[in-house]
Amino acid sequence: MFASKAGSDSNPDWYWNLRATPDVTIEVGDETIAVRATELSGAERDEKYRIQSERYPGFAGYQQKTSRTIPVIALTRRDAPAPDVHQ
């Protein structure tokens, strides 16, 4: 998710809600999914924003309109199995 707020100089309200309470549920079609919201940073954030800007060129313009770094939020299923560290 991209907290662009169309390039506003402030983050959208939902961003602050996710920062305060990152464990939420989302609806995808008819399914309700428990997820954890995590803000991406550094190269990972930049790469996701670059991909989004290529898909939707308006996103590049949003970043140009503001001096803040637009937050990128990853949603991860909470019921997903933990990665196998032995692989």
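Me: Where in the chain is Lys 5 found?
Reply: Lys 5 is found in the segment before α1, which covers 13-20. Helices here are DSSP runs of H or I with at least four residues, strands are E runs of at least two, and both are numbered from the N terminus. The model is predicted, so local features need pLDDT of at least 70 and side-chain atom pairs pLDDT 80 or more, whereas totals for chains, interfaces and linings use all residues. Residues are numbered from 1 along each chain as its sequence is written, and side-chain values use heavy atoms, leaving out hydrogens and water.

Me: Why is Lys 5 called partly exposed?
Reply: The relative accessibility of Lys 5 is 41%. Buried means under 20%, exposed over 50%, and partly exposed in between (1.4 Å probe, protein chains only). Lys 5 therefore counts as partly exposed. Ala 6, also placed in the segment before α1, has 38% and so counts as partly exposed.

Me: What is the phi of Lys 5?
Reply: Phi of Lys 5 is near 45°, a positive value in a residue other than glycine. For Ala 6 the phi is near 55°, again positive. Most residues other than glycine have a negative phi.

Me: What makes Phe 2 and Phe 59 an edge-to-face aromatic pair?
Reply: Rings of Phe, Tyr and Trp (its six-membered ring) pair if their centres lie within 6.5 Å; planes under 30 degrees apart are stacked, over 60 edge-to-face, and the rest tilted. Phe 2 and Phe 59 are 5.5 Å apart, centre to centre, with 65° between the planes, and form an edge-to-face pair. The pair links Phe 2, in the segment before α1, to Phe 59 in helix α3 (residues 58-65), 57 residues apart.

Me: Is Phe 59 buried or exposed?
Reply: Phe 59 has 17% relative accessibility and therefore counts as buried. Phe 2, at 21%, counts as partly exposed.

Me: Why are Phe 59 and Tyr 62 separated by about one helical turn?
Reply: They are 3 residues apart in helix α3, which means a separation of about one helical turn. Tyr 62 has 26% relative accessibility and so counts as partly exposed. Phe 2, Tyr 49, Phe 59 and Tyr 62 form one aromatic cluster.

Me: Why do β1 and β3 stand at the edges?
Reply: The open sheet has 3 strands in the order β1-β2-β3, with antiparallel pairing. β1 (23-28) and β3 (73-77) each have a single partner strand, so one side of each is left without a neighbour in the sheet.

Me: How do you know that β1 and strand β2 pair?
Reply: Two strands pair if DSSP finds at least two bridges between them. β1 and β2 (residues 31-39) have 6 bridges and pair in the antiparallel sense.
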